Amino acid sequence: MSEQAKTGDTTVPRSRGGSNALKSYLGAYGFMAPAGILVIVFFLIPVAIVLYLSLTNLASSNFTSNLAIMEFIGLKNYQTLLNDQFARKIFFNTIFYVLVTLSIFNVSLALLVSLLTTHIDRSAGFVFRALWILPRITSPVVYILIWKRMIAEAPFGIINQFNEALGQPTYNYISTNPWVFVVVVNGFIGVSFGMIIFTSAIESIPRDLLNASLVDGSSKLQRIRYVIMPLIRWPLLFVVTYQTLSLLTSFVEIQLLTDGGPGLYRTEVWSLTAYHRALSNYFGNAQWGYGSAFAVLLVMIGVVLAVIYMRVFRFDELIAEPRVEAL
Amino acid sequence: MKSRDGLFDTLKVKVDESPQSFPQDLAEALRFGAISICVLLIAAFLFSGVIGPLFALGSVEETVTDVLTRLALLALPFVAYISGASVARRYTRSDIARALGLAFTSTALLFALISAGYFVLDYGVFAPRQSLQMTLSQTEAGIRVDAVVAGGAAETAGLQVGDVISAIRRDAVDLGAFNKRLSQSTEGDPLRLRFTRSDEELQETVRVVLVSDKQLGALLPGLALALVFTAIIVFLPGHWAPYIALVGLLSPLIVGYFWVIIATFSFRTEGLVPLDGNDNFGGFTLKNWESIFVGNIAGLEFNIVPIFMTSLAIAVVMTFVVLLVSSMAGYALSRMHFPGRRFFLSFTLILHGFPAITLLIPIFIVLLRLGNIPVIGELIGFNTVGGIALVMVAFQLPLGVWLMKGFFDNIPWDMERSALIDGASRWRTYWEILLPQIRPGLLALGIFAFIGGWNAYIIPATYSIGSGVSNLPVFLNELIDETAPVDWNQVAAVGLFQLIPIFIFFIFAQEYLLNIYAGGTKGSS
Amino acid sequence: MKVTIDNLSKKFGEVVGVENLTLHIEDGEFVAFLGPSGCGKTTTLLTLAGIYKPTDGVIRFGERVVNTVQPKDRNIGMVFQSYALYPHMTVFQNIAYPLKLKKVSKADQHDRVRQVANVMGIGELLDRRPGQLSGGQQQRVALGRALVKEPDVLLFDEPLSNLDARLRLTMRGEIKHLQKDLGITSIYVTHDQVEAMTMADRIAVMSGGHLQAFDSPDELYDRPKTQFVAGFVGNPPMNFVDVSVQASNGRFFAETESLRLEVQKERGAPPASHGGPVVMGIRPEDIQIASDPNNGTVSGEIFVVEPLGREDLIDVRIGRHSFLLLADTEDRHQAGERVSLAFDMEQAQFFDPETEKSLLWQ
């Protein structure tokens, strides 16, 4: 160092700089390490395993305490999947479930609720929105318990009690209308996400703009149509993409409510199949290899959607460089 | 400019409008009504004629489109009356008589239009009804057949005037029960009737037929209902409308949560009605709560304390680990300069949308392997609280890291620089200077993680065997699956017991929770 | 402690923060970095502090090269524009924090914090939190925290710009006084040229990442080496006019189509020999409104009068040129009024329009 300190010596002491920077990088990696290890252990390794398993015939029928007994069968599981009549039905079930739940509840009802709650007294609006959060913070088991009683057969079911009071016939809803309630039950959970996003978007519209439109002589409905709606296009797109992904992968409520039934795969969706195949097959034979093929396809769709919405919403632009540097 | 007053509008600025004559107003009201009718008819057609068949092509066995069609048709008259009455509402304050006159006229005309439609299409009050084609009356002895339609279902089956019906199959019926049974049957259903004819007990099977008897008299109650409804619409203060809509939309939830509360305090319930052992209203009891602590529900013995402690342990461990790990990674991503930072950030975002739940199977294998590692395997392997908590931590990590990064981003850089110049290491800067300043963020994420951990079901259910490490939701589901018949009121008590901590958090931390779910761009669903 | 900066460059990717900066700061000197926002002065300061890593060049504290020395090992104190007080700590804990990190014993911490707090006049506030303090008090706490560890170098990043005008005046005096008392080498970043002029021993004027001048305040004011410095230093700013300087019979005249002003030889010769058009600069205080027009004065029309309180700032148009000048409010000049202006050409500056360098001072 004394050498470098001589006058006229203007070279940057790079070697020391390098090691110092490395030290500070190591510090950063130290901060990242716990998260990194968890991600490796519970995301990356499992992804590798599921990819590998999907190429094997591992199933409980050939399962011993040693996992190595499985056979590598290449893409056969995927071939089976493509020719599987039930897989086709499940595929369309999934599309149906996502489209209908998304359009009716996660988007339309969410938008309606946020419009309604922003057009009433602020604190009342807050209370209503808080109530809509309830299904999301209730354990799925308890939430489904409530719905099971809602739709139970007469005389126990709450809806059927109303039916009787109105002189209507009563139904065993879980067998007559399973999809209606799968959609409604999941939809009531799904409303809150869009509701919050839309509400914050509406509340961030400058008050002057909203007041100006009323002064200009438009009615509140017209204001919603011509002022508010155009301004929340972007959040709308965000909710659609984001919720598509969460609906694709959510299956716990369906599992608890109908478990994919009644009958054969009537309300089965893709993610539930991956779970069923692997953990509790109808026929008592868990097909881990085949189930993994289902999971892999879903993982691929999920990653593609995630990358797309990262691009569409320019999340990477949120990434500013840190303003303290490693020396 | 006529359409300036929308439905339920509360105009702040009254637009300068030349007053219209009564016929002009009426024409406008009818036009609105007709538009509403058309929109709903088109919607109904789309549901049942286009969307439904499309899904049927994909062999989806759904009834959602049917239900939507029926809802659209059910709502049709009411929406039409509202549309018409909305024109009248502009006179509510100035000229009540005119408002009511206009609204009633438009409703009556719309009612006539809709009824005509029903008449032509055999729908609504003119829909064919289930019938056995005989006239009945209730007498002391039973239901007496007063007349039969010549060549009708009853006559074909062999019933005659004077027969007294006592039962359908083995179920004794009176006239009310008989009609109810009839209304719940569909065309072609066989009803096996027991009846006496001159003291002789006979049985005949009568098949239900659909008969349309278009009696205009049936319209009168409908008209009355329509007019009352219209009057309510005309007088309803505009600012009530959002509240009514919100309460209406929320009603299933309100009713459902209301049921849990009632159920836990009563012997048994039918619908929302608490009943005692003799099917009378009442039967309030604390027995359900008692049974949780006694540890016996429908013969299934258990000890609530370890289950509760497991729930608590999963939630608490998870909360602390999520907070520590996410805030560390969030700090590095927000504040530190290192190669690969952009990659890690993008990766976090992708993980954010990653369907982690599909990895349940391979994670199962990972946990089995982790369990084989000496010492730490006991803590984080398969079938341990630690393992379950760690998996849940991993699933919440992408959200947590992103959220924490956002909170760190909001702290001024000078704070960090100041600490570094004061002589702090990065770790101390993080721990002593920055963490205390993102308390709201930590609190929000902490509550979020705690609720997630406390409610955890699928992961504990998948990665634990036996009740050793099962938490409350898993236990609750076992109760439902493994006891028969399920004692719903005791199960509800366990459910409410599980829900109470969440309710408490909910009341005290609504704002934080709304914030975090609004993490939106940052949050998961 | 001497601070020596040699050929310092700092780039953020393609963006140049500061380029090729060489600056030798003497022990105990008070140096101001002055320039408009984005000129690189704060970047330089943060590089000195060790927050940014130099892209190129060498920074020495004394004889020691500190390029890769961590901020905590540089023994510097810094006061930030936002004060950057730790909101969750009391005033005492804030000031004691650098000592705590140096593992100074509790008792010593206590003594030294008290001592500094008394010097700063905040001895009564030690148990409060920053949120409960006024801006001026926060400023003193920040200063106390920077001073408590007896730094070799004190860095100030626009520390007064969040204070109201009155308080700024007081703090200006106090900081300067304190710095002279303690004799700590100080570097003070500001965009306010009055602050720089009144406080600093020497001012480094920066623009676009480059050092424009590094001189004492008087030097900068009287003998600006570039047009940028001339324009930036002084308030209201210097007037600039494109002129050509002609020599005739040993006399020199600065001329435009509407102006002809005689210049003294020592000022007129260099621009005249430069040839072609030059930029003439003249400060508002060097132009007077003459009570009686004569051949030395130029006539113009008052365009705008802006009262500044003690004086009026007057914009006078002569032909297509516009001159700012100051006049006594007593004179009650009005817009539209025709006046005669007397230029004090002994103070005129001349610059090369291409390089913007002074033709008088090198």
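Tutor: In this predicted model, B:Thr63 lies in the loop that links α1 (22–57) and α2 (64–88) of chain B. The relative accessibility of B:Thr63 is 14%, and B:Thr63 therefore counts as buried, the cut-off for that class being under 20%. Apart from neighbours within four places in sequence, the contacts of B:Thr63 are A:Thr176, A:Asn177, A:Val180 and A:Arg266. With A:Asn177 there is a polar contact, side chain to side chain, at 3.2 Å.

On each side the interface involves 124 residues: 124 of chain A are in contact with 124 of chain B. The size of an interface is often expressed as the accessible area lost when the parts come together. For chain A and chain B the buried area is about 11200 Å², and carbon and sulfur atoms account for 76% of it. Nine residue pairs are in polar contact between chain A and chain B, counting pairs with both residues at pLDDT 80 or more. Two salt bridges are found across the interface of chain A and chain B. In a salt bridge between B:Glu61 and A:Lys89, the closest N and O atoms are 2.2 Å apart. On the side of chain A that touches chain B, the most residues come from helix α1 (residues 14–53) of chain A, which gives 22. By class, the residues of that side of chain A are 90 nonpolar, 21 polar and 13 charged.

Chain A itself consists of 327 residues, of which 55% count as buried. The chain has 14 helices and zero strands. When contacts in chain A between residues at least 6 apart in sequence are considered, 66% of them join residues at least 24 apart.

The nonpolar cores come next. The largest nonpolar core holds 241 residues, and within it A:Phe42 and B:Tyr463 touch the most other members. Helix α8 (residues 178–203) of chain A provides the largest share of this core, 17 residues. Beyond four places in sequence, B:Tyr463 touches several residues of chain B, including B:Leu359, B:Phe364, B:Leu367, B:Phe382 and B:Val391. There is also a second, separate core of 45 residues, and among its members are C:Ile95, C:Val116, C:Ile184 and C:Val229.

Chain C has its own interface with chain B. The area buried between chain C and chain B is about 1800 Å², with 62% given by carbon and sulfur atoms. The rule finds two salt bridges across the interface of chain C and chain B. B:Asp422 and C:Arg145 join their side chains in a salt bridge, N to O, at 3.5 Å. Ten residue pairs are in polar contact between chain C and chain B, both residues being at pLDDT 80 or more. Several elements of chain C, namely α1 (41–49), β6 (76–79) and α2 (91–101), each supply at least two residues of the side that touches chain B. The largest share of that side of chain C, four residues, belongs to α2(C). The side of chain C that touches chain B is made up of 16 nonpolar, four polar and four charged residues.

How values were computed:
Residues are numbered from 1 along each chain as its sequence is written. Chains are lettered from A and ligands numbered from 1 in the order in which they are written. This is a predicted model: local features need pLDDT of at least 70, side-chain atom pairs count only at pLDDT 80 or more; totals for chains, interfaces and linings use all residues. Side-chain values use heavy atoms; hydrogens and water are left out. A nonpolar core is a set of buried Ala, Val, Leu, Ile, Met, Phe, Trp, Tyr and Cys residues joined through side-chain atoms within 4.5 Å. Buried means under 20% relative accessible area, exposed over 50%, partly exposed in between (1.4 Å probe, protein chains only). Contact means heavy atoms within 4.5 Å. Buried area is the accessible area (1.4 Å probe) that two parts lose on being put together, summed over both. A salt bridge is a side-chain nitrogen of Lys or Arg within 4 Å of a carboxyl oxygen of Asp or Glu. A polar contact is a pair of N or O atoms within 3.5 Å; within protein, one must be able to donate a hydrogen and the other to accept it, and residues adjacent in sequence count only if both atoms are side-chain atoms. Ala, Val, Leu, Ile, Met, Phe, Trp, Tyr, Cys and Pro count as nonpolar, Asp, Glu, Lys and Arg as charged, and the others, Gly among them, as polar.
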